[in-house]
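Here is a short note for a colleague who has not seen this structure before. Please read it alongside the sequence and the model.

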Amino acid sequence: MPTTKSLPSHASVVVIGGGVMGCSTLYHLAKDGVTDAILLERNQLTSGTTWHSAAQVRALRSTKNLTDLISYSVDLYASLEEETGQQTGWISKGSLSIATSQDRMTHIRRQEALAHMFGVRAETVSRDEAKERWPLMNADDVVGAVWSPDDGRVSPSDLCAALVKGAKKRGAKIFENTGVTGILTKDGKVIGVETDQGVVNCDAIALCTGLWSREAASMVQSEVPAWACEHFYLLTKPIEGISGNMPTLSDHDGHLYIRDDSGGLLVGCFEPMGKAIDPEIIGKDFAFQLLGEDWDHFEPMMLNALHRLPALETAEVKMLLNGPESFTPDGSFMLGETAETKGLYLGCGMNSVGVATGGGAGRALAHCIQHGHTQVDLHEADPKRFPAEFNSVKALTERVPEILGKHYEITYPGRQWDTARNLKPTPLDTRWKEANAHFGQFYAWERPLYFDKASEPKMTFGKPDWFDQVGKEVRVAHEGAAIFDQSTFGKIEVKGDDACSFLNRICANQMDRKPGRAIYTSILNELGGIESDLTALRIADDHYRLFVGTTAIKRDLAWLNNHKNADESVEIIDSTSQYAVLGLMGPDASKIAKELGADALNELKYFGVGEAHIAGCHVRAVRLSYVGEAGWEITCKAQNATKIYDAMVALGAKPAGLFAQSSMRIEKKFLAYGHELDTDVSPLDAGLGFAVDWNKDFIGKAALEKKKVAGASSRIVSIILDDNNAVPLGNEPVVMNGKIIGKTTSAAFGYRINAPIALADIEDPLGCVEGCSLDVNIAGTLFSGTVKLGPAFDPKGERMRTS
């Protein structure tokens, strides 16, 4: 393919990297009218990892928006040839995922339910039906399968050629053999790129450089936690019984994916523990190359393949292909602007789904570059979800082999990563270990999920091992006094003469309250969607402290800094690690506060803020609760947390973990970001209109007013299930009269109401009234339930014992 030789002096957007993500991003930029966009590739198009991709395209993902990215890819790949005249090699023969255990079958049935909710065709089939679709398969141990008829595969090199042809037809230009040597910035914003062929000034950069993205971003001190792993697949010569194209066969219990290839077989794997490899060892000139074969490493997977495909015993092997691919610390890709450098956008860390996701992800990245946001919420892919701790070589080389290894693992509730742990202990970590806590990792923090762990919990879709212990912790909060560790909340100090006016412009609620009050508010985007929800304490006229979600701190800091005007006297400081937050909750909390010499806290009204001393240490407390029991969230210096905790425990308070907090939150219908709230949801959709001040201007007000006029109302309801043996997990279809009307967003067992409970987002809330009956599809079984528009547990008044 001919390449334009002379670099322009300026381009609106420079795409770096000529793999599927770079080519798709350029295509969509050009299609949207950004016709002066250019793509720079230091070697040749697809020469990094795209060319050797197995290029499977399976539509179903964990959320509708991620699924829609791939559904768009399917439509695009099927239509590009007609548009450009360039074949993409699109073959749609479907996919078959088999189960060899009952837990895998439950997992598959949950996937089928998701598929129906997301508009993807899928159906469970019997072992015999699965065998008919894949006659070469040994099906003796198969218990069932799911058939997805619209899945397929594509030729990655041909696909990129078609994307580039479409981009060039609209004016975009491609420069191969052009290496980027530097990224130019001014005041923290991208202004250009340096290359070995000259400088190009630009307004934005799309960094689509695959496993080299971390190194490329480091040129401007931006964090891209992605690292390479070796990825293997076997290719055979033609085998009898393979005629034409067949569906992709997924044997996830055997860690395998299998399809035909030129009359033979392609057998790939995501082995239980992968092999990390340093991109520096791979080198910058690694073009159309492969890593060395490693038959010792592949042998266990070969044994699995021989079991599943007896025909392999006599097959002639062409090669064991070993190509590097990049992975991230949580197994999801990165798409969006970096926190550190404005105008630097990422489309990388694709975790082996680059070709499948590339069409939709390239479209989303192009939209994000032009408009500052993606078309729909993609918080799972936001690069700002990772803390700095995960950008270290040590953490990445520990974690990414496990990410590869768990690519096909059953997603049990409560599953945790084993590697790259203990990166960030909370101030009370020693006390939690003494209390035999079972920990979960959130934004690198180690948070106690529950206490008095007897042994490592067995993963299950049924009643979990921690069920009784969590119930005990809920009862402590309901009948006595519990201590919840909320120290991982992000904490942001907003100071300065313009702090109040700044926050009033940024936040939907009225922030000009007298010092000594807490304020619950949303931060909205221009479309009226919720970027963040937070609690603010006004400490002084010129000083606020914002408490944001544990995983939101980097995103929220970036949002605040990006929306601060140059002439505003405002200082924004991350103080997260300086403070601990202890939630003292329950009817005995008041008595304990009094005995601690902090009786002044009992005088606070709801959302009131007060200061006191506990165990000789200064604290600032706000009277509010995330669990539906009266109490305070008490902030202290991190170094004083142990002393204060010990004083509370000495008077009868006991620790309670995150699982207990989540159960109580759901019973009380308190909402959580990433579950009920995201950028696709407005405060009106979530029933948070009470936290909007319509008498002032704020970002997103115009869009929110339009929603209000259109009649937007709360879509969130509580569902109390009738069968106490039901185990809802969230992300399940809600069904009424045989029709899917919404999905569960959070779910748990409600210990105070003695029933399983879920919060749900209902598409048409007017058709879902108080007391009506509906069903929740849990792994293919419909469980009946009753709707409550308010909380399932709602104590009348505060339940505090003062003596």
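Predicted model: local features only at pLDDT ≥ 70, side-chain atom pairs only at ≥ 80, totals over all residues.

1. Residues are numbered from 1 along each chain as its sequence is written, and side-chain values use heavy atoms, with hydrogens and water left out.

2. The second largest pocket has a volume of about 630 Å³. A pocket here is an open set of points on a 1 Å grid over the protein atoms alone, where a 1.4 Å probe fits, with protein on both sides within 12 Å along at least five of seven lines; lining residues have an atom within 4 Å of a point. The volume is the space filled by probe spheres set on the points.

3. That pocket is lined by 27 residues, and Gly372, His373, Asp382, Glu531 and Trp559 are the closest to its centre. Strand 18 (334-337) and helix 14 (553-562) each supply at least two lining residues, and helix 14 gives the most, with four. Helices (H or I, at least four residues) and strands (E, at least two) are DSSP runs, numbered from the N terminus.

4. Helix 12 (residues 467-479) packs against helix 17 (residues 658-667) at an angle of about 65 degrees, with the axes 9 Å apart. Axes are lines fitted to C-alpha atoms over the stretch in contact, and angles run from 0 to 180 degrees between N-to-C directions. The contact (heavy atoms within 4.5 Å) involves Val470, Glu473, Val474 and Ala477 of helix 12, and Phe659, Ala660, Ser663 and Met664 of helix 17.

5. The whole structure has 41 salt bridges, each a side-chain nitrogen of Lys or Arg within 4 Å of a carboxyl oxygen of Asp or Glu. One of them joins glutamate 83 and arginine 170 (2.9 Å, N to O). Glutamate 83 lies in helix 2 (residues 64-84) and arginine 170 in the loop between helix 5 (156-169) and strand 8 (173-175), so the pair ties together parts 87 residues apart in sequence.

6. Most residues other than glycine have a negative phi. Histidine 255 has a positive phi of about 65 degrees and lies in the loop between strand 13 (248-251) and strand 14 (256-261). Phenylalanine 288 also has a positive phi, near 50 degrees.
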